[in-house]
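Biologist: Could you please walk me through this structure? I would like to begin with the ligands.

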Amino acid sequence: MNLILNSYCNLKCNYCFADEYMEENVKTPGKSMDYEFFIGEMLPRVKNVTLINFMGGEPTLHPRFNDILSSTLETMQPFAYLGVFTNGLMPDKTLDLLLKTVGPEGSIQRQIQFSILLNWQTKENISERNHQRCREVAEAFLGENANSLMFSLNLYSVEQDLETQCREIDAIYQDMGLPEGQSYKIRVSPAFPIVGEQENNVTLPIKDFPRMGRKMVDLLKEFPQLTFRFDCSFPPCLLDSINEEEFPLVERFFYHANQPVPDITKWKDQDLNFGCSDDSPMDIGPTGDCFNCFPFHDFKLGNVQDFKEVNDIAVKKMHTKFLGHVFEDTQAKEPCKSCPHYMVTCTSGCFAYNFV
Ligand SMILES: C[S@@+](CC[C@H](N)C(=O)[O-])C[C@H]1O[C@@H](n2cnc3c(N)ncnc32)[C@H](O)[C@@H]1O
Ligand code: SF4
Ligand code: SF4
């Protein structure tokens, strides 16, 4: 689950679904998770879950981020995953702690699998100086532990300079001496709409998915060690415009985080769901309110204080409420409605598109 520690940020990305919060400052009540609330109410309820990601806004700007990270590491169960979504522009004291955490004396001692999810920007969303800083931060993490960091890209327009983004990331891996034959994963997501806030962020229209997929397949050819990982939906129309001789490249796409996309010629004989994952990601905001995911943050599913523990049972209860909402309160639109993949392998990209 994703814990949203604060809603403020030091960037203002055009696609960001957290954008509406960015005018708020650090001290606005309800926009930042109270440290006592985190220790007393939140952590005891989530300490047994298998995956926690800190999210924001920019979570590393939370005034007590270091204390929150340290107490979470001490409290989580062995073999659990802990992650930090970040844009890389973090205070030095936080960078120091995170570098220690990925190092040999860090999370590994507690058997926690810890990773940094670094959101890599285009020039439209970051200054040259800050971008350079992100590169230094990335190199510092990879230098400490080659498995400590995964780059993320947001697919917000077919006009964005995705090639430069991939070339910069590839250069970082080549400079650190990635052995030939070894691959690296880049986390990708189309920029989804935010329900009720359509005007505030740039989104990738579903009709552009095939063109975006075309560009991604070309990039797989250009960078042979690159693979793409989609965390939630993998809209199959992304591959509508590829040729038969390119089919072998499809195995370099992963969906629902770690499943390789199967051989495209065998899709029709398999029971596949490339749509919104069965497992709810579950975002929890600064005051403990729970949402299925950020595009649906206007649809509250509960509050952590409604439950003794935010465990599988609690999540299933909230996810059932979410599924009722998305399947009963709206319908798919074009191009999904007449798409051959719709309700066969795909539930319309992201449910949020049906609400805008
Ligand atoms: C909201 S950010 C917060 C953490 C941090 N500031 C960062 O940029 O990673 C977390 C993730 O959400 C993604 N994101 C932001 N807006 C999005 C949108 N409209 N659709 C899909 N993902 C989005 C970002 O690319 C990032 O990977
Ligand atoms: S994506 Fe991250 S870095 Fe960009 S504005 Fe949103 S919260 Fe900030
Ligand atoms: S249902 Fe929509 S998102 Fe899914 S493959 Fe078809 S057009 Fe793409």
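**Ligands and fold**

Biologist: Which strands each supply at least two residues of the shell around ligand 1?

Modeller: They are β3 (81–86) and β5 (149–155). Please keep in mind that this is a predicted model.

Biologist: How many residues are around ligand 1, and which come nearest?

Modeller: There are 18 residues around ligand 1. Those that come nearest are Phe17, Phe85, Asn119, Ala191 and Phe192.

Biologist: And by class, what does the shell around ligand 1 have?

Modeller: The shell of ligand 1 has nine nonpolar residues, eight polar ones and one charged residue.

Biologist: Now ligand 2: which residues are the closest there?

Modeller: Cys9, Leu11, Cys13, Cys16 and Asn87 are the closest, out of 11 residues that surround ligand 2. By class, five residues of the ligand 2 shell are nonpolar, four are polar and two are charged.

Biologist: Changing topic, how many helices and strands are in the chain?

Modeller: The chain contains seven helices and 12 strands.

Biologist: What does the radius of gyration say about the chain?

Modeller: The chain has a radius of gyration of 20 Å. A compact globule with 356 residues would have a value near 21 Å, so the two agree. Along its principal axes, the C-alpha trace spans about 55 × 50 × 40 Å.

Biologist: What percentage of the residues count as buried?

Modeller: Of the 356 residues, 40% count as buried.

Biologist: And what share of the contacts with a separation of 6 or more comes from residues 24 or more positions apart?

Modeller: Such residues account for 75% of those contacts in the chain.

Key: Residues numbered from 1 in each chain as written. Chains lettered and ligands numbered in written order. Predicted model: local features only at pLDDT ≥ 70, side-chain atom pairs only at ≥ 80, totals over all residues. Near = placed C-beta within 6 Å. Helix = DSSP H or I, 4+ residues; strand = E, 2+ residues; numbered from the N terminus. Nonpolar A, V, L, I, M, F, W, Y, C, P; charged D, E, K, R; others polar. Rg over C-alpha atoms; globule rule 2.2 N^0.38 Å. Buried ≥ 20, exposed ≤ 12 C-beta atoms within 10 Å, placed from the backbone. Contact = placed C-beta atoms within 7 Å.
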